[in-house]
Each structure stands twice: as structure tokens, then as C-alpha cells.
Amino acid sequence: MMVGTARREPGKITRGHVELGSYPDGPLTSPVMIAAGAKEGPTLWLQACIHGPGVVGPLSIQRFLKTVDLSQMSGTVICLMLANPLGFRGYNRLTPQDGFNLNRVFPGDPGGHHSQQLAHRLLELSLEKSDAMLDLHSGGDLTITCHYTLFHNDGTPAGIESERLARATGAPNVWNSLEPFLSGAHFANYTKRGKPSLVVESGGGARVTPEDLERLTGAIFGVCRAMGILPGETPKLDRIRLGGDAVHLKSRRGGLFIPHVAPGDDVSEGQHLADLVDLFGDVVEEVRCPLKRAWVGSIRRPHMPIYNGDQVFELVETKGYEPA
């Protein structure tokens, strides 16, 4: 197996670069590493930084590669370090050259704008080279997310397997999203093409915590164990919280954002979630929960200035709790 210039070698971790597009003066590439077990087995596509500031992803991949025992592996983990190299270099959630959110334009278009061409390249390459995909996210610089796993289970075999892998990550929040706003995401399109895929998210807010690193690294090991790439048990929790549809609350006024809840908190209809205050210290807007029961998927970074129309909360409908 070759992925770009990296060649799979049993019992070794090999390095290289894979071409994803073109600069005006040459190829646009991402570092790629292939961890190959001593024995044959399934292949996991592991990627990070589809949004440029999501740096917990590549750091967690590095930690995984430094601690995994290749002699115990049966199969392969392909590690694409930068799914969006231009976003990473520009430290931008969007692709700077065209202003698009790469994770909303899949399946892409080989004749479209840059993000569409990149999406097409990523989807075809990941499907060609792997049996399942794990996409690592970490909120970025403007928002902080709770620890959750996101997948697309539409009742197909690939969707059902996506949910099984999601429950192996150790995330306490399991979110099956079939919503239109994620129809252009990589993980959803990968699953629609007949293979399981999931997102694991934790952290953000322009900082990296040990807890976020541990969560994403643990998710990699958990998915590898669930796929049979590594031996051992997957993480076990007393219970998991189920997610349904999401609401993205936007501010109506500008000001300083003062939240009264944190990522992962349970919230209910009418609950006072945050205030926006002006520079005189007066409250210019109260943000309240519009859902009957929900949990806080993400919040804007606390105390920072925002414009009217900025997203301040992602609230995920609570579909209940069940044993893990």
C-alpha cells in the first residue's frame, strides 16, 4: 500500500506526504504516516485538522503513534495529519482561498472551487485506502466543545457499524445526526458510500488541555480495538447520553459573551444560558434555551467580544440516557 510517498511496511511506522491540491508554485501536501501491524487486518483512516485550528487532533495522533505496540496490531492505521493544509497554515476554520467550510462541501467536485476539489480528493482517497474513518475535531480557537462522538446511522450496515464504533470511543455523549446541515460533512458522505465513519470532538477555545489529549487519544485506541486492529476491551461507561437534532444559537447583539453554563451541561427550556454585556457593563441580550431538554455541545469562548450573528451555543436535543 502507498499513500502519497508513504509506503506500508509491516511492523513499522512510515512517513511521507500526500498531494491534495496545488499552490501556484507547486503541490499542496499534507504529512501522512502509516502505522502497520505485524499481521494483516482492517485499515482505519485517521485524520485531523479538517478545520485549521483543531490542533488537538494531530497532537493526539502523535501520542497514539508514540505509544502503540505495533507487534500487537493486526492491520493498518493511515494518519493524515492535515485534512485542510491551507486552513491549518492560515489558522482558519474556513479555507482562506475561497472562504468555504471544507466539512460542508462533500462529496466535493473535481471541477469546483478549491474546497470542493479538496473534498472530492479526500473522500475518494479515504474510501480507496481504508475500511473505516475516524475524524478528530477540537472546537478550534473560537469555540469550546464537550466530549462527544458524532455519526450518521441511517439504518444501513455502514450506519449501524458507525454507531458501534462510536460507542467504543469512551465519549459520554453519543450523537446520531442525520440533519441536513451535516449532509456535506466528510464522515456522513463516507458512510453514505457504504463504510463506517465517525467524528470525535473535545476541547478548543485556543488551548489544549491534558484531558482533551487523553480523550482523543483514547478514542483512537478504542476504535482500533473495536475494529480488531488492536487487542483489548473498549472503554466502558456507566451510561451514555444520546443526542438528536441540534440548534445553533446566534447572538442578536454584539458585546462581551458571559456564559452561565459549560460544555456538556444539561439545560432545559427557558433556562438562562448567557448574557451579552456592552462596554458599560450593561446586559444587552439574555440568551435562553429554546429546547425542552438539551445538552451543551459547544459554547463560544467565554468573555470574548462577539458581533451580532456570531454563534454562541450549539445545543443538542437530549434523546435520553442508556447504559453504555
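Guide: One convention is needed at the outset: Ala, Val, Leu, Ile, Met, Phe, Trp, Tyr, Cys and Pro count as nonpolar, Asp, Glu, Lys and Arg as charged, and the others, Gly among them, as polar. The model under discussion is predicted.

Visitor: How many nonpolar, polar and charged residues does the lining of the largest pocket have?

Guide: The largest pocket holds about 700 Å³ of space. Its lining is made up of 33 residues, and those closest to the centre are H51, R93, R104, T143 and Q311. Sorted by class, the lining has 14 nonpolar, 13 polar and six charged residues.

Visitor: Which strand gives the most to the lining of the largest pocket?

Guide: At least two lining residues come from each of β7 (132-137), β8 (143-151), β10 (197-204), β16 (293-300) and β18 (311-322). The greatest contribution, four residues, is that of β8.

Visitor: Why is β8 described as largely enclosed by the rest of the structure?

Guide: A residue counts as buried under 20% relative accessible area. β8 is largely enclosed by the rest of the structure because the number of its nine residues that are buried is nine.

Visitor: Which strand pairs with β8 in the parallel sense?

Guide: β8 pairs with β16 in the antiparallel sense over three bridges, and T143 has R300 as its bridge partner in β16. With β10 the sense is again antiparallel, over six bridges, and T145 is partnered there by G203. In the parallel pairing, which has four bridges, L150 stands opposite W175. The strand that pairs with β8 in the parallel sense is β9 (residues 173-176).

Visitor: Are the two faces of β7 covered or exposed?

Guide: Six of the six residues of β7 are buried. On one side these are A132, L134 and L136, and on the other M133, D135 and H137. Both faces of β7 are therefore, with buried meaning under 20% relative accessible area, covered.

Visitor: Which residue of β10 stands opposite M133?

Guide: β7 runs parallel to β5 (residues 39-48), joined by five bridges, with L44 and A132 as bridge partners. β7 also runs parallel to β10, again through five bridges. In β10, the residue opposite M133 is S197.

Visitor: Which are the edge strands of the open sheet of four strands?

Guide: The order in this antiparallel sheet is β15-β14-β12-β17. Two bridges join β12 (residues 255-259) to β17, and G255 has I306 as its bridge partner. Each edge strand pairs on one side only, and the two are β15 (283-288) and β17 (305-306).

Visitor: How many disulfides are counted?

Guide: A disulfide is a covalent bond between the sulfur atoms of two cysteines. The sulfur of C146 lies 14 Å from the closest cysteine sulfur, in C289, and is therefore too far for a bond. For C224 the closest cysteine sulfur is that of C79, at 8.5 Å, which is also too far. The count of disulfides is zero.

Visitor: What is the relative accessible area of C224?

Guide: C146 is buried, with a relative accessible area of 6%. C224 is likewise buried, and its relative accessible area is 0%.

Visitor: How far apart in space are L249 and E314, C-alpha to C-alpha?

Guide: L249 belongs to β11 (residues 240-250) and counts as buried at 14% relative accessibility. Beyond four places in sequence, L249 touches several residues, including L273, V287, D310, Q311, F313 and L315. L249 and E314 are 65 residues apart in sequence, whereas their C-alpha separation in space is 6.4 Å.

Visitor: Is A206 buried or partly exposed?

Guide: C49, which is not a glycine, has a positive phi of about 60°; C49 is placed in the loop between β5 and α1 (56-67) and counts as buried at 1% relative accessibility. A206, also other than glycine, has a positive phi near 65° and lies in the loop between β10 and α6 (210-227). At 44% relative accessibility, A206 counts as partly exposed.

Visitor: What is omega for the cis peptide bond that joins F106 and P107?

Guide: P107 is found in the loop between α2 (85-89) and α3 (114-129). For the cis bond from F106 to P107, omega is about 10°.

Key
Residues numbered from 1 in each chain as written. Predicted model: local features only at pLDDT ≥ 70, side-chain atom pairs only at ≥ 80, totals over all residues. Heavy atoms only, no water. 1 Å grid on protein atoms, 1.4 Å probe; cavity = no way out; pocket = protein on both sides within 12 Å on 5 of 7 lines; lining within 4 Å. Points joined across faces, edges and corners; volume = space filled by probe spheres on them. Disulfide = S-S within 2.5 Å. Buried < 20%, exposed > 50% of the residue type's maximum accessible area, 1.4 Å probe, protein only. Pairing = 2+ DSSP bridges. Contact = heavy atoms within 4.5 Å.
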